[in-house]
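Please look over the sequence and the structure shown below.

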Amino acid sequence: MTQFSRRQFLGNSALAAAAAAVSSIPVLGSELRRPYGANDRLRIAVIGVKGRGLEHVSQWVKMPDVEIAAICDIDENQIFGAMDRIEKATGKKPAYVKDLRKLYEDKSIDAVSVATCNHWHSLAGVWAVQAGKNVYVEKPISHNVFEGRRLVEAGKKYNKVVAVGTQCRSMKGMREAISFLHSGRLGKVKIARGFCYKSRKSIGKKPNGTVAPGVDFDIWLGPAPERPFNPNRFHYNWHWFWDTGNGDLGNQGVHQVDIARWGLNKNEHPLSTISVGGRLGYEDDGETPNTQISVQDYGDAQLIFEVRGLDTDAYKDKAIADKAGHVKIGDVFECTDGYMVVPTYSSAIAYSPKGELIQRFAGGEDSAHFRNFIEAIKSNKPESLNAPAIDGHLSAAACHLANISHRVGEAKALSTEDPFGKNEAANESYHRFRDHLKENGVDLAKTSFTMGRELKFDTKTETIPGDVEASKLLTREYRKPYVVPENV
C-alpha cells in the first residue's frame, strides 16, 4: 500500500534494518465488509502507536472478535513495538500505513482507534466516519471547540459509533459513585473541584533541527501552521504548545474535568469561564500553563479546576482527615450533606459533613471501556456508549474555554489579592496557588501570573458574543488540505 524509499535509511544501519522490516509488512485488502453479526471479527486500525497507542494495541489484541488489521503512524521508527506486540499475540503482522488517508480508502476496515496528537483527533475522526468507519478517539476529542462539535455532528450524520477515551466512564466503581451522587444521598452538589497535580519538569530550550529519517513531518503538522521542525515540539512535548496541544488541563486534566461535570450532572456548557495561571517556576520553550486555576460557572454550581506541574503535596480538604481522601489527580465534590472524593480513576469515597466514612466505591479496568466501543458497533447502538462524542465535546470544550481565557488574559502581580472577586471558593484556591509557588522558590514580589478574561459563553450557538479576540480561538485557520469542514 505504501512504498518506502531505501535512500531514507542510508548511512544508518538501525534504520536500514527498519526499512527491511517495513518492506515485509503485508498490505491492506480492499474488499467491502458485509454487516457484522455477534460472532463476526471487527477489523480495526490503530492510528498513532507511540505511548497511549500501545495501550490501544494491548486492549484490542486481547479480544477474540477484534483483528488489528493495520497500524498507522507518521514515524516509521515508532511502529515496531506495536508490530511485535500484535504478531506475538496473534501470530500475524498487521499492515502498516503512514498516511491515514490511504487507510481510510480500505473498505474492509470497520473502525479506527485514534491516539495521535490532540490537533489531529477531530479531523482523523471526521474523515473516518465520512469513510464509513467507527471511531474510538483519545481524549480530548478536539483541539478546539469548533472541531469537537463537527465530530459530534459527523457521527450522527453518518450513523457511526464515535467513542472518546475517557475510560473512567466505564469503571464500575466510578459509575456506582456517580449514581450515588446523583441519588441525592449527599444532598445537592455545590462545587466540583478537579485536580491535576502532576509533576512536569522543564523541557528546556532547543534549536530547530532536521526531521529524522522515516518521519512525514507534513502529515504530522496536519491542521497546524507550517513551521520548522523542532525536537522540543515533537514526541510528547507537543502537549505544551498551542499549535498541537492543550496543556495539562486538556491532557491529564480533561479526565478529571469530565468526572467533575458528570458528577455535577451538567450535560451542557458552562455559562462563563475564567482562568488564572502561567508557566511558572522555570523558563523553557513551552507555551501552555504549568500552574493554573479555572472556574466554570453553571449557574447553580461551579467547577473549579487546578493544575500544578511543580512539586506539591496532595489536596487535603479540612473536613476529611482520612488520608484516603487526599487527592493529587482526582476530584472532590462538596455537597450540602457531605463530600464525595475521587482519588483514582476507579474509586471514590463518600463522607459525611464531619468527614466520617459513609461508603466506598471501587472496581473497573480500562478493558471495559474498549469493550463498550466494540459492543456498540456490533449492536449498532451508538447510544449505548459510556463516553459518546457529545460528552467528550462538552468536557473538552470546558478545558478549551479556560485556555482561551488564559490566552487573552493580561499580566498581574502575584501580590494581587482575591482575583475572583466575591467567589470565596475560587479565591481560596488562588491563595493555595500562591503558597504552592512560594514553596517552590517562586519570588511572589517579582513574578506575574496571567489573569484570564471572563468569557460569557452562548451555550446554544457555542459562541462568545462581543469578544472578537477570544472568538478567534474557538477554532483555528486550518492548513490545507488538513481542514475540518464547516459542514461534515
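The structure holds 19 aromatic pairs, where rings of Phe, Tyr and Trp (its six-membered ring) count as a pair if their centres lie within 6.5 Å; planes under 30 degrees apart make a pair stacked, over 60 edge-to-face, and the rest tilted. One of these pairs joins F146 and Y478: the pair is tilted, with 6.3 Å centre to centre and 50° between the planes. F146 belongs to helix α6 (residues 145-157) and Y478 to the segment after α13 (468-472), so this pair ties together parts that are 332 residues apart in sequence. Helices (H or I, at least four residues) and strands (E, at least two) are DSSP runs here, numbered from the N terminus. F146 and Y478 are both buried, a term for under 20% relative accessible area, with exposed meaning over 50% and partly exposed what lies in between (1.4 Å probe, protein chains only).

A second tilted pair is formed by Y430 and F449, at 5.6 Å centre to centre and with 55° between the planes. Y430 sits in helix α12 (residues 424-439) and F449 in strand β16 (residues 448-451); the two are 19 residues apart, and their pair links distant parts of the chain. Y430 counts as buried because its relative accessibility is 0%. F449 has a relative accessible area of 1%, so F449 is buried. Elsewhere, W60, Y136, F370 and F373 form one aromatic cluster.

These values come from a predicted model, in which local features need pLDDT of at least 70 and side-chain atom pairs count only at pLDDT 80 or more, while totals for chains, interfaces and linings use all residues. Residues are numbered from 1 along each chain as its sequence is written, and side-chain values use heavy atoms, leaving out hydrogens and water.

Next comes helix α5. This helix (residues 118-130) is mostly covered, with 12 of its 13 residues buried. Among the buried residues are H119, W120, H121 and W127. What covers the buried residues of α5 includes α4 (100-104), β4 (111-114), β5 (134-137), α6, β6 (162-164) and α8 (217-221). After α5 comes G132, whose phi is positive, near 90°.

How far can the model be read? The average pLDDT of the chain is 92, and 92% of the residues score at least 70; pLDDT is the predictor's confidence in each residue, from 0 to 100. Over residues 1-24 pLDDT stays under 50, and the model has 31 contacts for them beyond four places in sequence, a contact being heavy atoms within 4.5 Å. Residues 30-34 also stay under 50 in pLDDT, with 12 contacts beyond four places in sequence. Where pLDDT is low, the predicted coordinates should not be read in detail.
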